Amino acid sequence: MILIDGKKIAAELREELKQEVSELKAKHNKVPGLTVILIGDMAPSQIYVRNKEKSANEVGLKSEIIKYPEAVEEKTILDKIEELNKDDTVSGILVQLPLPKHIDKQKVIETIAPSKDVDGFHPMNVGNLSAGYESSVPCTPLGCYLLIKKIESNLSGKKAVMVGRSNLNGKPMAQLLLKENCTVTITHSRTKDLKAECLEADIIVAAVGIPELVKGDWVKKDAIVIDVGINKTDKGIVGDVAFDEVSKVAKALTPVPGGVGPMTIACLLKNTIECFKRSR
Ligand code: NAP
């Protein structure tokens, strides 16, 4: 079984991005810039944002974090985004989720210029992705896609099953694999026989939020299994896939932690660079 080392693959990707940033700097005398808006003081968000800044600096991007207190008015955020949309030194804008309840998430997402939407959440990018056009792609599914392609470069005709249909993971992941000519099934909480669906799959991407939901006897021999889940349990952080069981049947599997997670931030940097290049 191939243990898909997301940490190593993400480090290689960051190295490639670092090289690309230095070439862009030589060509344009400018580097791509990422601005992150962080509202409130939720510990996980603070940690994510710090890691994003550290990785951005590591590859040579210009990065900025703008912090607001939890009680900030929605209008202040929307005005700031409008200002950043017009700022030529800002290539990508990310508003760290979740937001406080009084701020309308969809309004915030739709205020970010689609050309600077490094999260790929703007309806314009969602639409472009599903139409098969060029678009920003949400970072986690993009990371999963790159991991799958490391294992199998030609995905044409493969059966892929998404476990979970969130806008963040399952749906964009399905679009990426459809573009690769996979036959894609999207499952969710109302799916009648999830085990039977999974057993058909050459590729399973599990993004559910239920610890070890996907069992060993749900997986076809030699399937590629990508585990997006991050679940806190008594035995520590586990994914949505029963790792010990599935590792006995799968051809390749991501560990949790150290699989998909490290790819997400690397893909945010990649998206920032893509936004910069498209703006030139
Ligand atoms: P989400 O928005 O809560 O969506 C979960 C999806 O799973 C929904 O579509 C839901 O179906 C489906 N589901 C729930 N119970 C199910 C069941 N018994 N059988 C089949 N499907 C079921 O979750 P998310 O944001 O996609 O996140 C999923 C997991 O990934 C979480 O553990 C999260 O922490 C993790 N995550 C990791 C990263 C990373 O970088 N590694 C990034 C983002 C998220 P319905 O639509 O019918 O409700």
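Me: What should I know about the numbering and the model before I start?
Reply: Residues are numbered from 1 along each chain as its sequence is written, and side-chain values use heavy atoms, with hydrogens and water left out. The model is predicted: local features need pLDDT of at least 70, side-chain atom pairs count only at pLDDT 80 or more, and totals for chains, interfaces and linings use all residues.

Me: In which order do the 3 strands of the open sheet stand?
Reply: Start with the general idea. Strands of a sheet pair through backbone hydrogen bonds, either parallel or antiparallel. Helices (H or I, at least four residues) and strands (E, at least two) are DSSP runs, numbered from the N terminus. Two strands pair if DSSP finds at least two bridges between them. Here the order is E3-E2-E4, with parallel pairing. Strand E3 (62–68) and strand E4 (92–95) each have a single partner strand, so one side of each is left without a neighbour in the sheet. Neighbouring strands are turned by 15° against each other on average, direction ignored. Axes are lines fitted to C-alpha atoms, for helices over the stretch in contact, and angles run from 0 to 180 degrees between N-to-C directions.

Me: How many bridges join E2 to E3, and which residue stands opposite isoleucine 39?
Reply: Strand E2 (residues 33–39) is joined to E3 by 7 bridges, in the parallel sense. Tyrosine 68 in E3 is opposite isoleucine 39.

Me: Which helix packs on this sheet?
Reply: Helix H3 (residues 74–86) does, touching E2, E3 and E4. Contact means heavy atoms within 4.5 Å. The direction of H3 makes about 180° with that of E2.

Me: What is the strand order in the sheet of 6 strands?
Reply: Read E1-E11-E8-E7-E5-E6, an open sheet with parallel pairing. Strand E1 (2–3) and strand E6 (183–187) are the edge strands, each pairing on one side only. E1 and E11 pair over 2 bridges. Leucine 3 has leucine 253 in E11 as its bridge partner.

Me: Which strands do H6 and H7 lie across?
Reply: Helix H6 (residues 139–151) lies across E1, strand E7 (203–206), strand E8 (224–227) and E11, at about 155° to E8. Helix H7 (residues 170–179) lies across strand E5 (159–163), E6 and E7, at about 170° to E5.

Me: Which residues come nearest to the ligand?
Reply: A residue is near a molecule or strand if one of its heavy atoms lies within 4 Å of it. Of the 20 residues around the ligand, Arg165, Ser166, Asn169, Ser189 and Thr264 come nearest. By class, the shell has 8 nonpolar, 11 polar and 1 charged residues. Ala, Val, Leu, Ile, Met, Phe, Trp, Tyr, Cys and Pro count as nonpolar, Asp, Glu, Lys and Arg as charged, and the others, Gly among them, as polar. Helix H10 (residues 260–279) gives the most to the shell, with 3 residues.

Me: Where are the cis peptide bonds and the positive phi values?
Reply: Most residues other than glycine have a negative phi, and most peptide bonds are trans. The bond from leucine 97 to proline 98 is cis, with omega near 0°. Proline 98 lies in the loop between E4 and helix H4 (105–111). Another cis bond joins valine 256 and proline 257, with omega about 0°. Proline 257 sits in the loop between E11 and H10. Asparagine 181 has a positive phi of about 70°, in the loop between H7 and E6. Glutamate 212 has a positive phi of about 50°, in the loop between E7 and E8.
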